[in-house]
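These are my notes from a first look through the model. I list what I looked up, entry by entry.

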Amino acid sequence: MQSTLQVDSPTATTQVSTPTPTTVVRAPTASVTVISSPPPPRRDRPDVVLITGIAGQDGIEMSRFLRSVNPNMRIIGIDRRHTREYLPHIAEALRKYVDEIIYADVMDYHAMLDIIGRLRPDHVYHFAAQSFVAYSFMNPAATYENNIMGTLSVLSAVADVHPTARVYFAGSSEMWGRPSTTPQDENTQFNPRSPYAVSKVAGFYTARYFREAYGTFVASGIASNHEGEYRGHEFVTQKIATWAAKLKMGRYEDIELGNLDARKDWGWAGDFMGAFYSMLMAERPREYAVGTGVQHTVRDFVEEALAAAGFRARWGDEGGSAWDGDTRVALVHINPKFIRPLESDNYRVDASRIKQELGWEPRVAFEGLVHLMVYAAERRIQMYGY
Ligand code: GDP
């Protein structure tokens with residue numbers, strides 16, 4: 001499949017025309033229709049899909065997934081970071097899977113109105129967000145602005161100019177905070193413990209009120225950590241996988257980590273994209289918990305990544321080390337700088353609702369995920385040197 005990356009000039013958003021007020025039509029009566037009689041099932045596949053946050057992990061993984069569903073689908077991404085060059089492996093993926101990138105800020109309601117009104121996408125995946133939890137403690141205001149106002153603006157634009165579009169809202173297991181009960185599901189109480197989590201809870205309820213008040217087809221996932229080869233380097237999984245891949249290639253370096261005991265439900269991002277897609281293909285929009293149902297610690301991730309690279313982990317009080325059998329080749333240091341003011345963990349997701357209603361189940365288990373990431377990191381280092 002040949003797809004071209006049409007990269008608009010950074011000034012693209014300035015071409016956005018301000019709509020006349022008459023295009024702003026919201027239908028407050030639609031809620032009754034949605035609750036009492038859901039719209040007819042839509043079994044045909046989308047022709048045009050809009051993805052916000054296209055250059056992030058989920059934007060790329062979703063484009064790749066959609067290409068496999070229908071090579072002729074028109075996939076358009078929104079990205080706001082036109083000032084920075086993409087890392088080569090990200091640029092390569094965007095060229096391969098995405099037809100067009102529009103540079104715009106999701107917080108700019110008028111830009112969203114123009115883009116959504118012009119493209120009339122069948123599906124909108126709203127992934128654009130400040131998604132790094134640790135950074136959200138450093139800049140809560142930017143996190144709230146991007147994640148809450150961005151969601152409001154996208155949903156408002158859909159409701160006002162193209163209300164038949166189906167929207168996915170990316171909720172997160174972080175919204176549960178540190179739940180005392182496992183597993184978690186759609187009924188588990190939210191107890192957000194980071195600015196990121198607070199912003200996602202606000203976005204989640206914003207999506208719910210658009211669904212109920214305006215009849216917007218907006219489905220929300222409460223997704224646990226999902227990882228893969230396009231994960232950003234600031235996330236612990238990519239950091240560990242890249243380190244292990246370097247050891248495998250004979251580049252012995254130490255690594256600094258924070259809380260090794262954090263317990264997460266890590267799944268493969270490619271699997272999760274199938275879950276999000278199935279939510280938009282469903283008869284009605286709902287909220288679904290998405291995860292693998294298996295819990296692992298950061299320590300487990302280190303051990304598995306070292307195993308994938310042919311090493312063994314030995315743990316001590318201060319951290320740990322990687323052994324090639326007889327010889328210690330690298331150290332794991334604990335650096336308090338990577339420990340957060342509040343930890344959110346103890347996730348193990350019960351995804352029965354999505355399994356029963358939409359038939360979704362993850363295919364890649366933890367071990368497969370870690371090996372996949374170490375292998376991809378090795379390939380990336382060989383190709384691009386990082
Ligand atoms: P998050 O779950 O979305 O915040 O994803 P991260 O990959 O950033 O963090 C996952 C878990 O790893 C969190 O519980 C962190 O506290 C823990 N962790 C331990 N060491 C590190 C580290 O060096 N970097 C990051 N990002 N997280 C770490």
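**Entry: α2 and α9**

I started with helix α2 (residues 57-69) and helix α9 (residues 269-280) in this predicted model. Their axes come within 9 Å and cross at roughly 70°. An angle of 65 to 115 degrees counts as roughly perpendicular. So α2 and α9 are roughly perpendicular to each other. I also looked up the handedness: α2 passes α9 in a right-handed crossing.

Next I asked which residues of α2 and α9 meet. From α2 I noted Q57, D58, E61, M62, F65, L66 and V69. Facing them in α9 are A269, G270, M273, G274, F276 and Y277. Sorted by class, this contact of α2 with α9 has eight nonpolar, three polar and two charged residues.

**Entry: α4 and α6**

I then turned to helix α4 (residues 109-119) and helix α6 (residues 140-161). They pack at an angle of about 45°, and their axes are 8 Å apart. That angle makes α4 oblique to α6. The crossing of α4 and α6 is right-handed.

On the α4 side, I found Y109, M112, L113, I116 and G117 in the contact. On the α6 side, I found S153, V154, S156, A157, V158, D160 and V161. By class, I have eight nonpolar, three polar and one charged residues for the contact of α4 with α6.

**Entry: α3 and α12**

I listed P88, H89 and E92 in α3. They meet R379, R380, M383 and Y384 in α12. The residues of this contact of α3 with α12 divide into three nonpolar, one polar and three charged.

**Entry: the ligand**

I moved on to the ligand. There are 18 residues around the ligand. Which of them come nearest? I noted N225, K239, G258, R340 and E343.

I checked atom distances for three of these residues. An N or O atom in the side chain of K239 is 2.7 Å from an oxygen atom of the ligand. E343 has a polar side-chain atom that lies 2.7 Å from an oxygen atom of the ligand. For G258, a polar backbone atom is 2.7 Å from a nitrogen atom of the ligand.

I ended with the backbone. Most residues other than glycine have a negative phi, and most peptide bonds are trans. I looked for exceptions.

T182 and P183 are joined by a cis peptide bond, with omega about -5°. Where is P183? I placed P183 in the loop between β6 (166-172) and α7 (195-214).

R120 has a phi near 45°, a positive value in a residue other than glycine. I found R120 in the loop between α4 and β5 (123-126).

Conventions: Residues numbered from 1 in each chain as written. Predicted model: local features only at pLDDT ≥ 70, side-chain atom pairs only at ≥ 80, totals over all residues. Heavy atoms only, no water. Axes fitted to C-alpha atoms, helices over the stretch in contact; angles between N-to-C directions. Helix = DSSP H or I, 4+ residues; strand = E, 2+ residues; numbered from the N terminus. Parallel < 35°, antiparallel > 145°, perpendicular 65-115°, else oblique. Left-handed = near helix turned anticlockwise from the far one by under 90°. Contact = heavy atoms within 4.5 Å. Nonpolar A, V, L, I, M, F, W, Y, C, P; charged D, E, K, R; others polar. Near = heavy atom within 4 Å. Polar contact = N/O pair within 3.5 Å; in protein donor to acceptor, adjacent residues only side chain to side chain.
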